[in-house]
Amino acid sequence: MRAVSTVLDTGVFLLLVGAAMLTLAVPAGPLPFADADAADPTADVLATSTADVQYSLAPGARQADEELVSFPRTGGPAFDRTAHGTLADHLGTATVETLTVDGRRVTHTGDGFRTAVANATRTALRGRGHLAQVRAVWEPYPDAPMRGEVTVGPSPPPATTVHAATLTVDSGLPAARQQARTVAVSGSYASVAEAVAVRVVDGLFPPEAAEDALLGDYPVDRLVAYRYRQMGRLLGANVTAAVRANDVERANAALTDSLADRLAADMRTQFESPAAAAERVRVGTVRVTVRTWSP
């Protein structure tokens, strides 16, 4: 397993990045034969190919929530953004941006970015003499009720020889495993869950950047406020008053408390001890799995 550092703007995900045109740079190199193990070379392409990915934050047709009905569905210059980094970086960012709670998406404002990243990934892997599937997954720990996932490419057919390689990228969220291990000595699932929840919430809504965004310009101010309220709905936390008052500290505390309760209850059903739960924590990374096979 290899680790790749991302250039994710943790300031509120994709909201604060500037705009430009899409370009893709794929390093030259020998391609493996169609029947060879191409998983590692394919993973190397993801880790070293760079792209400026253009996208829009406009909600689009899939975002049905009435709160966003006043946003232009076709977007516009105020919604246009570009992110620069390797394909692995972008896959990691897109994975966290597709965050779900109990299977329900927080928002669809990252759909344009996810589509652009998927297209760039397909372009980089096209014509390499083999078929490939790339699957990126973020979970604060395995099988958690909160997760993100992006899959590019088809699944291999049955009875086919499949080669696999895995790399990890930074999620853009603070690492939590060491703190989880430290508090696990208390023997409390709640303490491990809180260590995870604090880092997830403050990673998704960095206090200083989130406050600046809420006090900033359209459409970022409204998109961040919407993300807060939607996360609150899915976690059962009322953050509306705090967000209206631009009280990020109070909003984050409410989200953290609700998420910690949800994670603690889940950990009790999954792990034999708080220490076992702490060992599986991986808030700070996204796992990218590459599978290849011959046509």
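Which residues have the most contacts inside the largest nonpolar core? The points below start there.

1. **Core.** This is a predicted model. Its largest nonpolar core has 84 residues. Those with the most contacts inside this core are Leu 91, Trp 138, Tyr 228, Met 231, Leu 255, Met 267 and Val 288. Helix α5, spanning residues 189–204, supplies the largest share of the core, with 9 residues. In soluble globular proteins, nonpolar side chains tend to be buried together.

2. **Val 288.** Take one of the core residues with the most contacts, Val 288. Leaving out residues up to four places away in sequence, Val 288 touches Leu 46, Leu 91, Val 134, Arg 135, Ala 136, Ala 165, Thr 166, Leu 167 and Val 169. Leu 91, a partner of Val 288, is also on the list of core residues with the most contacts.

3. **Overall make-up.** The chain has 295 residues, and 51% of them are buried. It holds 10 helices and 10 strands. Consider the contacts between residues at least 6 apart in sequence: 78% of them join residues at least 24 apart.

4. **Gly 92.** This glycine sits in helix α2, residues 87–97. Is Gly 92 buried or exposed? Its relative accessibility is 0%, so Gly 92 counts as buried. Beyond its neighbours within four places in sequence, Gly 92 is in contact with Val 169 and Val 286. Val 169 is also touched by Val 288. Thr 285 lies 193 residues from Gly 92 along the chain, yet the two C-alpha atoms are separated by 8.2 Å.

5. **Ala 47.** Helix α1, residues 39–48, contains Ala 47. Its relative accessible area is 22%, so Ala 47 is partly exposed; the cut-off for buried is under 20%. Ala 47 and Thr 86 are 39 residues apart in sequence. Their C-alpha atoms are 6.1 Å apart in space.

6. **Helix α4.** This helix runs over residues 177–184, and its buried residues are Ala 180, Val 183 and Ala 184. Why do they line one face of the helix? Seen down the axis of α4, the buried residues fall within an arc of 105°, so they line one face. An α-helix has 3.6 residues a turn, so residues three or four places apart point the same way. The cover over the buried residues of α4 includes α5 and α10 (274–279). Helix α5 is also the element with the largest share of the core.

7. **Largest pocket.** What is the volume of the largest pocket? The value is about 190 Å³. Two elements give two or more residues to its lining: α3 (111–125) and β7 (131–138). The lining consists of Thr 121, Arg 122, Leu 125, Arg 126, Gly 127, His 130, Leu 131, Ala 132, Val 134, Val 152, Gly 153 and Pro 154. By class, the lining divides into 6 nonpolar, 4 polar and 2 charged residues. Val 134 lines this pocket and is also touched by Val 288.

8. **Backbone points to check.** Most residues other than glycine have a negative phi, and most peptide bonds are trans. The peptide bond from Tyr 218 to Pro 219 is cis, with omega near 5°. Pro 219 lies in the loop between α6 (207–214) and α7 (220–235). Asp 102 has a positive phi, near 50°. This aspartate is in the loop between β5 (100–101) and β6 (104–105). Its relative accessibility is 48%, so Asp 102 counts as partly exposed.

9. **Asp 143.** Where is Asp 143 found? It is in the loop between β7 and β8 (146–152). Asp 143 is exposed, with a relative accessible area of 57%. Setting aside residues up to four places away in sequence, Asp 143 touches Asp 266 and Gln 270. Asp 143 and Gln 270 are 127 residues apart in sequence. From C-alpha to C-alpha, the pair is 8.7 Å apart in space.

How values were computed
Residues numbered from 1 in each chain as written. Predicted model: local features only at pLDDT ≥ 70, side-chain atom pairs only at ≥ 80, totals over all residues. Heavy atoms only, no water. Core = buried A, V, L, I, M, F, W, Y, C linked by side-chain atoms within 4.5 Å. Buried < 20%, exposed > 50% of the residue type's maximum accessible area, 1.4 Å probe, protein only. Helix = DSSP H or I, 4+ residues; strand = E, 2+ residues; numbered from the N terminus. Contact = heavy atoms within 4.5 Å. 1 Å grid on protein atoms, 1.4 Å probe; cavity = no way out; pocket = protein on both sides within 12 Å on 5 of 7 lines; lining within 4 Å. Points joined across faces, edges and corners; volume = space filled by probe spheres on them. Nonpolar A, V, L, I, M, F, W, Y, C, P; charged D, E, K, R; others polar. Arc of directions from axis to C-beta.
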